[in-house]
Amino acid sequence: MTGLRHVLAEPLADQAAAVPSLDGMGCHAGAGQMATAARAAGKSEVLDRYAADYPQGPHDKPQSMCPAFGSLRVGLRMRRVATVLSGSACCVYGLTFVSHFYGARRSVGYVPFNSETLVTGKLFEDIRDAVHEMADPDRYDAIVVTNLCVPTASGVPLKLLPDEINGVRIVGIDVPGFGVPTHAEAKDVLAGAMLSYARKEVMAGPVQAPATGRADRPTVTLLGEMFPADPMMIGAMLAPMGLAVGPVVPCREWRELYAALDSKVVAAIHPFYTAAIREFQAAGRAIVGSAPVGHDGTMDWLAAIGQAYGVAADQVAAAQNAFGPAIRGALAANPVKGRITLSGYEGSELLVARLLIESGADVAYVGTACARNPWSEPDRAWLEEKGVAVKYRASLEDDCAAMEAFGPDLAIGTTPVVQKAKELGIPALYFTNLISARPLMGPAGAGSLAQVVNAAMANKARMDGMKTFFEGVGAGDTAGIWEGSPNLRPDFRAAHQKKLDKQARAAKAEEMI
């Protein structure tokens, strides 16, 4: 294909050495410099929208994986949707590696560029040619084109791409690391863009019905990726109120977007989907925050859904009475005893904390990389009433400081938090793979965490043994076995730090001009 490469198993390491720079900056430039360049190149509207939707935290760059992985994941999980990346080769290499590591098994399109094609506008022409060549309605319903950091900072205008080619929808989005703080919120960037497109299609005339047909009862759309069993459990809890579960957004197929917009009520299970919520509100849909986790969360959530749909009080009570005792029983049968600090960047951290507390755990701290918004307020209020310290836009430093201050029996967090905990001899679990990838809703979720959490806390003696075994081998620069004292050269470090401080002051001065 002209200007397009498919990245599945093909290594890109040989291209990484030729990553083009942006006026000498490139991918490793400061976020402030990249954002300034993007605004000068006509991306102010996009960056202003992101600043409002995803307020920045204490750091100007994400501390988690590249945010674009979130939108890439959403596109790769959809049937009949092609994904094309425009970015530096090293970025595309990393993103495709991670996506295939997580089982994508789908090709990722890539439009390469160099300094000349970037500054002359030829890159946009190559992207346009690529989507024209790919637009086969027998294979695709939509093609998603994503600008990464350098093309965004260079102002590559994806909005000038056609809305559709041969009946194939074209969706262009910018997902720069200097504008989107987390990969969780990047999921919202694409989900919101798709919902916006689908909403305009609905307004223009008849659209396709869902492949499974329309539900015979009013539905509730679920917002946020979740364990596959959770929507089924939520559907069972809605049934006594005469309601059914609708599609889960992000969707797996384009026509599901129409069904999602058709629901009168949307449950923001994950509250950070700001752009998606804006599209649902534009369609006149009611939004309900929080989720049916634990006993208290489930009772409150069912009541809120019933109120949003105008369900009779006796039907709401029937649903609560049908599942409340079962949830209490599951919590009692699967107790968790011990102090826990919890952090992550998936956006479901507050929900998991609620479930752990109702299981009997002493959760001292909850940190989430996502921003605070109205849809997580019920969970924040409930947790703070229980004495939990809740931190939005929590940094790695916040999470590690909380862990060291509270001295938990178990630290649940991101990879570096887990690493730090184990260095201190504290049992730890990686939130994304070991905690969030489990059912959380209703009776099924009530007992889902106890086994893995209790097993981890039971490893305290083993952690103490390992810490004792490795005592004295050093840490950081002095790690390992030395015949003599290591030559640390603090003078070199001080000189280098002065250079970094000078560069930071210069960058700050440029921003003020």
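The notes start with the ground rules, then turn to the sheet and the cavities.

Ground rules. I am reading a predicted model, where local features need pLDDT of at least 70, side-chain atom pairs count only at pLDDT 80 or more, and totals for chains, interfaces and linings use all residues. Residues are numbered from 1 along each chain as its sequence is written, and side-chain values use heavy atoms, with hydrogens and water left out.

I looked up the strand order and found an open sheet of 5 strands, 13-12-11-14-15, with parallel pairing. Strands here are DSSP runs of E of at least two residues, and helices are runs of H or I of at least four, numbered from the N terminus. Two strands pair if DSSP finds at least two bridges between them. Strand 13 (389-392) and strand 15 (428-430) are the edge strands, each pairing on one side only. Threonine 341 stands opposite tyrosine 365 in strand 12.

Cavities. A cavity is a set of points on a 1 Å grid, over the protein atoms alone, where a 1.4 Å probe fits but cannot get out; lining residues have an atom within 4 Å of a point. A volume is the space filled by probe spheres set on the points, which are joined across faces, edges and corners. I noted 3 cavities of 30 Å³ or more.

Conventions: 1 Å grid on protein atoms, 1.4 Å probe; cavity = no way out; pocket = protein on both sides within 12 Å on 5 of 7 lines; lining within 4 Å.
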